[in-house]
Amino acid sequence: MKRIFPSLLLFLVTTVLMFTRIIHAQDYDWTADALPGVKINTVAFKGWIPTSQQPLRGTLVLIPGRHGDGRGMADDQHWQALATDIRFAIIGCQFTNGEPFIYQNDPQGEVARSINSAVERLAKESNHPELVKAPLAFWGTSAGSNVSARYCIHFPKRVIAFASSKGTQGPSGDMPPGKAEIPMFFALGAKDNPEWIKSSQFNIGAGIKLHAPWALALQKNEGHDVGHSLDVAIPFLKAAIELRFTGPAVAPSDSSSIFKTQSPSFGQTTNGGCQTLAVQLHKIDPHTGWLGNPETYEVARYGEFKGDKNKGIWLPDETTALAWKQYLEQ
């Protein structure tokens, strides 16, 4: 058996301890103030920071179903892989112990402002002040989808992208300026509550008529559970976020397009303490994306799509389009 010299042993132990401290330093777990206006008594967050030496570009906010504790999602390897890839922080949310419905509608933006405060706290504690002015991306399921959708109403210019799994009202019905610019993905289950499906489809369709870059996946074999929807939600968020940061190349105009030609949008000061965004967020030019046929599930580049473009489902790139097709064919 080979002998480990004391100096080498000390080096190995020191390295392990340093690595342990680095991993520990990535996690930030805290309890916030209650939200009396929406009758939620327990509010808590867990933040996660990727080990990148570069400045972070934004925060991914994950919100569970009704009165769920979503802090554990900050430790999920799939979300961490996405966050590392796009250089985002993660915040997992908990809104529990109270009235089950008011916080989902968040009429005065109290929940939304608590999320803003959470981002500010994570920015301070992690020594990443750039997060204070960086955009937010959202994923939510069921009630968490509804909370995310309401944030998109209260602070639309702060949201870079939003993906939803089995929400009960889709993007919600209000359309303040800037909301139609947010790329959104909605996974619904055909076996879910019929009224929730109807409400969601109506609100999604209303946005698409306004040329919003919104995508729908109605999975015939799923109900109200998350199911396999993350297989599409994650690549959608990744592609949509990159498009909004970099801006797509301008494609030739297409008179049959269901979208209007769109130009860059600049961040600005919003209500409730959110400061001016530090980056320019571009509107989506769907001519550079893909379309999916909601009946046959066939997908193609926008210009090569053989079906009716007015009925096609917009998707940001090939990876998302193929994931959408596979998800619906299951």
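1. Basis. The model is predicted, with local features requiring pLDDT of at least 70 and side-chain atom pairs pLDDT 80 or more, while totals for chains, interfaces and linings use all residues. Residues are numbered from 1 along each chain as its sequence is written, and side-chain values use heavy atoms, without hydrogens and water.

2. Helices α4 and α5. Helix α4 (residues 110–125) packs against helix α5 (residues 143–154) at about 85°, the axes being 9 Å apart. Helices are DSSP runs of H or I with at least four residues, strands are runs of E with at least two, and both are numbered from the N terminus. Axes are lines fitted to C-alpha atoms, for helices over the stretch in contact, and angles run from 0 to 180 degrees between N-to-C directions. The two helices are therefore roughly perpendicular (65 to 115 degrees).

3. Their contact. Val 111, Ala 112, Ile 115 and Asn 116 of α4 meet Val 147, Tyr 151 and His 154 of α5 (contact: heavy atoms within 4.5 Å).

4. The sheet. Three strands form an open sheet in the order β12-β11-β13, with antiparallel pairing (pairing requires at least two DSSP bridges between two strands). Strands β12 (299–301) and β13 (313–315) are at the edges with a single partner each, so one side of each lacks a neighbour in the sheet. Strand β11 (residues 290–292) pairs with β12 over three bridges, and Gly 292 lies opposite Val 299 in β12.

5. Helix on the sheet. Helix α8 (residues 318–329) packs on this sheet and touches β11, β12 and β13, its direction making about 165° with that of β12.

Key: Angles under 35 degrees count as roughly parallel, over 145 as roughly antiparallel, 65 to 115 as roughly perpendicular and the rest as oblique.
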